[in-house]
Amino acid sequence: MTPPSVRDLFRMQTVDVLFLCETNSATSLMAEALLNQRGDTRIRAFSAGSRPAAAMLPEAAQALEQRAIPTDGLEPKSWTIFALPGGLRPHIVVDLATVTWTEPDCARLAEYATLRWPLRDPALIERKADRRVVTETVLNALQTRISGELMRRIDSVRQAIDSEQPPASKLWA
């Protein structure tokens, strides 16, 4: 059996996408689930927050489950895990925050955003009935943006990988 060529190795590389928000309890977790649910083995989605919540927002989990989108393994986590030496360096960073990143490290992280989609955070809605409506609205917006704008961006990164060119997105320091 012949070992894979360098070109074949590049073609096997995944395009890694990181969704960022403040609490990583709803919007970014839903985005992660939606992109991973597509079943494309050359795309991996992750999410993180600057101030991660203790758990996923129940309304977000319920909205995903109603659409038969798996929620296994979805949990809030800090963006700092992506800043560790040798850690994952995503090709595409999507900033979902509606707040301005004020902490120095968060502000630096936001500089790497490839796309900015400031969407309402359902976790910040007090009334439960309103939270459900906002969650559904945000989930619909994410589906539209992922299917359109994000997939176009992923295709351009794939083309760069396939042609052995560095992707146009910023590289993490």
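## A well-covered strand

Let's start with strand β1, which is mostly covered, with seven of its seven residues buried. Keep in mind that we're looking at a predicted model here. Both faces of β1 are covered. On one side you'll find Val15, Val17, Phe19 and Cys21, and on the other Asp16, Leu18 and Leu20, all of them buried.

The chain then crosses from β1 through helix α2 to strand β2, and this β-α-β crossover is right-handed.

## Who sits beside β1?

Strand β1 covers residues 15–21, and seven bridges join it to β2, with the two running parallel. You can pick out individual partners along this pairing. Leu18 stands opposite Phe46 in β2, and Leu20 stands opposite Ala48 in β2.

β1 also pairs with β3, again in the parallel sense, over four bridges. Here, Leu20 stands opposite Asp95 in β3. So what does the whole sheet look like, and in what order do its strands come? Four strands form an open sheet in the order β2-β1-β3-β4, and the pairing is parallel. The edge strands are β2 (43–49) and β4 (115–116), each pairing on one side only.

## Helices on the sheet

Helix α2 (residues 27–37) lies across β1 and β2, and the helix runs at about 175 degrees to β2. Helix α5 (residues 128–162) packs on the sheet too, touching β1, β2, β3 and β4. The direction of α5 makes about 140 degrees with that of β1.

## A closer look at α2

Just after α2 comes Gly39, which takes a positive phi of about 80 degrees.

## Asp95 in β3

Let's go back to the residue opposite Leu20. Asp95 lies in strand β3, which spans residues 92–95. Is Asp95 buried or exposed? Asp95 is buried, because its relative accessible area is 6%, and the cut-off for buried is under 20%.

Which side chain does the side chain of Asp95 contact? The partner is the side chain of Arg116, and the polar contact between the two is 2.8 Å. Strand β4 takes in residues 115–116 and is one of the edge strands.

## The whole chain

Time to zoom out. The chain has five helices and four strands. If you read along the sequence, they follow the pattern α-β-α-β-α-β-α-β-α.

The chain is made of 173 residues, and 47% of them count as buried. The chain exposes about 9100 Å², with carbon and sulfur atoms supplying 53% of that area. There's also a number for how far apart in sequence the contacting residues are. Take the contacts between residues at least 6 apart in sequence: 76% of these join residues at least 24 apart.

Notes:
Residues numbered from 1 in each chain as written. Predicted model: local features only at pLDDT ≥ 70, side-chain atom pairs only at ≥ 80, totals over all residues. Heavy atoms only, no water. Buried < 20%, exposed > 50% of the residue type's maximum accessible area, 1.4 Å probe, protein only. Polar contact = N/O pair within 3.5 Å; in protein donor to acceptor, adjacent residues only side chain to side chain. Pairing = 2+ DSSP bridges. Contact = heavy atoms within 4.5 Å. Axes fitted to C-alpha atoms, helices over the stretch in contact; angles between N-to-C directions. Right-handed = clockwise from strand over helix to strand, strands pointing away. Areas by Shrake-Rupley, 256 points an atom, 1.4 Å probe, with all protein chains shown as cover.
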